[in-house]
Amino acid sequence: MKFEQVKRIRVFEEIVQQLKNYFAQGKLKPGDKLPSERELAEQFNCSRVSVRQALTFLEAQGLLVRKIGDGTYKVSDADFVTTQLVNILMPEEKDYDEPLEVRRLLEP
C-alpha cells in the first residue's frame, strides 16, 4: 500500500491563507484597517495568539503594517518588494513553523 503523507497545518497558517485570499479578492484596499485581534479571533473561532501569529507572519511578508495603539493596516500594493524577497527565500515546498524564522531570514 502507498499512502500520502499527512500534512499538518497550524491554525495561524490557515488564518494567513484566508487573509491572503481576502486580499487577493481586492476586498481590502491599501491603507484600509483590519478588524481588531479580538474581532478576528471571534470570526475565525480561535485564540488571539493564533491571530497574532498570523498577523506577525503577514507583517514579515510586507502585506500588513501594525501600529501600536492604532491597529493593523494593509500596505499599498506597490510595497511588495519584501513579499517577493520572502517568496524567493521561502519556496512553497519549504515549511516554516514559526513567523520568527521569517524574521531571522529578513532582518540580517
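## Packing of helices H2 and H3

In this predicted model, helices H2 and H3 are roughly perpendicular to each other, because their axes meet at an angle of about 110°, which falls in the range of 65 to 115 degrees that counts as roughly perpendicular. Two packed helices are described by the angle between their axes and by the distance between those axes. For H2 and H3 that distance is 9 Å.

On the H2 side, the contact is made by Glu37, Arg38, Leu40, Ala41 and Phe44, and on the H3 side by Arg48, Val51, Arg52 and Leu55. Sorted by class, the contact of H2 with H3 has 5 nonpolar and 4 charged residues, with no polar residues.

## Salt bridges around Glu37

Which residues are linked in a network of salt bridges? The network comprises Glu37, Arg48, Arg52, Glu59 and Arg66, and the count of salt bridges comes to 4. Glu37 is buried, with a relative accessible area of 18%, and this value lies under the 20% limit for a buried residue.

One of the partners of Glu37 is Arg48, whose side chain meets that of Glu37 in a salt bridge of 3.8 Å, N to O. Because Glu37 lies in helix H2 (residues 37-44) and Arg48 in helix H3 (residues 48-60), this pair ties together parts that are 11 residues apart in sequence. Arg48 itself is partly exposed, with a relative accessible area of 37%.

Glu37 also forms a salt bridge with Arg52, where the closest N and O atoms are 3.1 Å apart. This pair, with Glu37 in helix H2 and Arg52 in helix H3, links distant parts of the chain that are 15 residues apart. Arg52 counts as partly exposed, at 34% relative accessibility.

## The link to strand S1

Arg66 forms a salt bridge with Glu37 as well, and here the closest N and O atoms are 3.3 Å apart. Since Arg66 lies in strand S1 (residues 64-67) while Glu37 lies in helix H2, the pair ties together parts that are 29 residues apart in sequence. Arg66 is partly exposed, with a relative accessible area of 25%.

## Thr72 in strand S2

Is Thr72 buried or exposed? Thr72, which is found in strand S2 (residues 71-74), is buried, with a relative accessible area of 11%. Leaving aside residues up to four places away in sequence, Thr72 touches Asp32, Lys33, Leu34, Leu55, Leu64, Val65 and Arg66. Among these, Arg66 is also a salt-bridge partner of Glu37, and Leu55 also takes part in the contact between H2 and H3.

## The protein as a whole

The secondary structure comes to 5 helices and 2 strands, and when read along the sequence the protein follows the pattern α-α-α-β-β-α-α. Of the contacts in the protein with a separation of 6 or more, 54% are accounted for by residues 24 or more positions apart.

Buried residues make up 30% of the 108 residues in the protein, and Glu37 and Thr72 are among those that count as buried. The protein exposes about 7800 Å², of which carbon and sulfur atoms supply 51%.

Terms used
Residues numbered from 1 in each chain as written. Predicted model: local features only at pLDDT ≥ 70, side-chain atom pairs only at ≥ 80, totals over all residues. Heavy atoms only, no water. Helix = DSSP H or I, 4+ residues; strand = E, 2+ residues; numbered from the N terminus. Buried < 20%, exposed > 50% of the residue type's maximum accessible area, 1.4 Å probe, protein only. Axes fitted to C-alpha atoms, helices over the stretch in contact; angles between N-to-C directions. Parallel < 35°, antiparallel > 145°, perpendicular 65-115°, else oblique. Contact = heavy atoms within 4.5 Å. Nonpolar A, V, L, I, M, F, W, Y, C, P; charged D, E, K, R; others polar. Areas by Shrake-Rupley, 256 points an atom, 1.4 Å probe, with all protein chains shown as cover.
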